[in-house]
Each structure stands twice: as structure tokens, then as C-alpha cells.
Amino acid sequence: QVDVVESGGGLVQAGGSLRLSCVASGRPFITYYMAWFRQAPGKEREFVAAINWTGGSTSYTDSVKGRFTISRDNAKNTVYLEMNSLKPEDTAVYYCAARHVTANRYTYWGQGTQVTVSS
């Protein structure tokens, strides 16, 4: 079992920045790929960004490329999502997820943190 807890959401004006944090505990953090997803009202949950266990490989959905940065600190069991140049369409509940290196899907999910971007 891996417990995943997000923090750092809030209300920000368009063009502003936020940094989300996610702490995963319960198993060796270094053996998990980590990712951020989001779900806007009335929409399906979508992939935002992912990072491999070393932090050397990352991927992003096209709409956030160049604005968001995912990173991890394995010593702190924490993954971050730095969000810059925020847009109203980034408004959503952001979820952190963990996937063991041997698994093919994200198994462990946090409760989510609300990000609201005002225009």
C-alpha cells in the first residue's frame, strides 16, 4: 500500500504560478513512477505530466508543455508540479498518482487538490 497526499492548490490569477507537492509513503519511493492528472468540472480526468523513478525522464500533455515542470526528490519521497503562466482552462482538481516500475497502470491515487485560475 502506498499513501499519496497532495498539497499546494489554491486560487491564482491568470498568468500566475503555483507549485503542487505530493508525498508518497508506505513503499520505497524510488520504485515508483509518479504522475499528475487533473479533472475539470464536467470533464474526464486527463493526464498532465509524469516522471520516471530517477527523474531523468519526463512527459507532458501538449497543453502544458513549456509552462509546467514535474520533478521529484527521492530523499523526501516527494514529487512536484511547478505550474507557470496559468490559464483559466488549467482550473481543475489535480491528482497525484503512483505506479510501481513493474506495473502498467497507476494504482495509487491521492484525494486531489483544487487549483482555480481566475481570469
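Is Glu46 buried, partly exposed or exposed? Glu46 is partly exposed, at 33% relative accessibility. Here buried means under 20% relative accessible area, exposed over 50%, and partly exposed in between, with a 1.4 Å probe and protein chains only.

Basis of the notes: this is a predicted model, where local features need pLDDT of at least 70, side-chain atom pairs count only at pLDDT 80 or more, and totals for chains, interfaces and linings use all residues. Residues are numbered from 1 along each chain as its sequence is written, and side-chain values use heavy atoms, with hydrogens and water left out.

1. Salt bridges. A search of the whole structure finds four. The criterion is a side-chain nitrogen of Lys or Arg within 4 Å of a carboxyl oxygen of Asp or Glu.

2. Glu46 and Arg38. These two form a salt bridge, with the closest N and O atoms 2.6 Å apart. Arg38 is buried, at 5% relative accessible area. Glu46 is partly exposed.

3. Asp90 and Arg67. Their closest N and O atoms are 2.8 Å apart, in another salt bridge. Asp90 sits in the loop between E8 and E9, and Arg67 in the loop between strand E6 (58-60) and E7, so the pair ties together parts that are 23 residues apart in sequence. Both Asp90 and Arg67 are buried. Salt bridges with shared partners join Arg38, Glu46, Arg67 and Asp90 into one network. Strands (E, at least two residues) and helices (H or I, at least four) are DSSP runs, numbered from the N terminus.

4. Lys65 and Asp62. Their side chains meet in a salt bridge, at 3.0 Å from N to O. Asp62 is exposed, at 60% relative accessibility.

5. Positive phi at Asn77. Asn77 is not a glycine, yet its phi is positive, about 55°. The residue is in the loop between strand E7 (68-73) and strand E8 (78-83). Asn77 is partly exposed, with a relative accessible area of 25%.

6. Positive phi at Ser85. Ser85 is not a glycine either, and its phi is about 50°. Its place is the loop between E8 and strand E9 (92-100). Ser85 is partly exposed, at 41% relative accessible area.

7. Tyr33. This residue belongs to strand E4 (residues 32-39). Tyr33 is partly exposed, at 22% relative accessible area. Beyond its neighbours within four places in sequence, its contacts (heavy atoms within 4.5 Å) include Trp53, Arg72, His100 and Tyr106. Tyr33 and Asn104 are 71 residues apart in sequence, but 10 Å apart in space, C-alpha to C-alpha.
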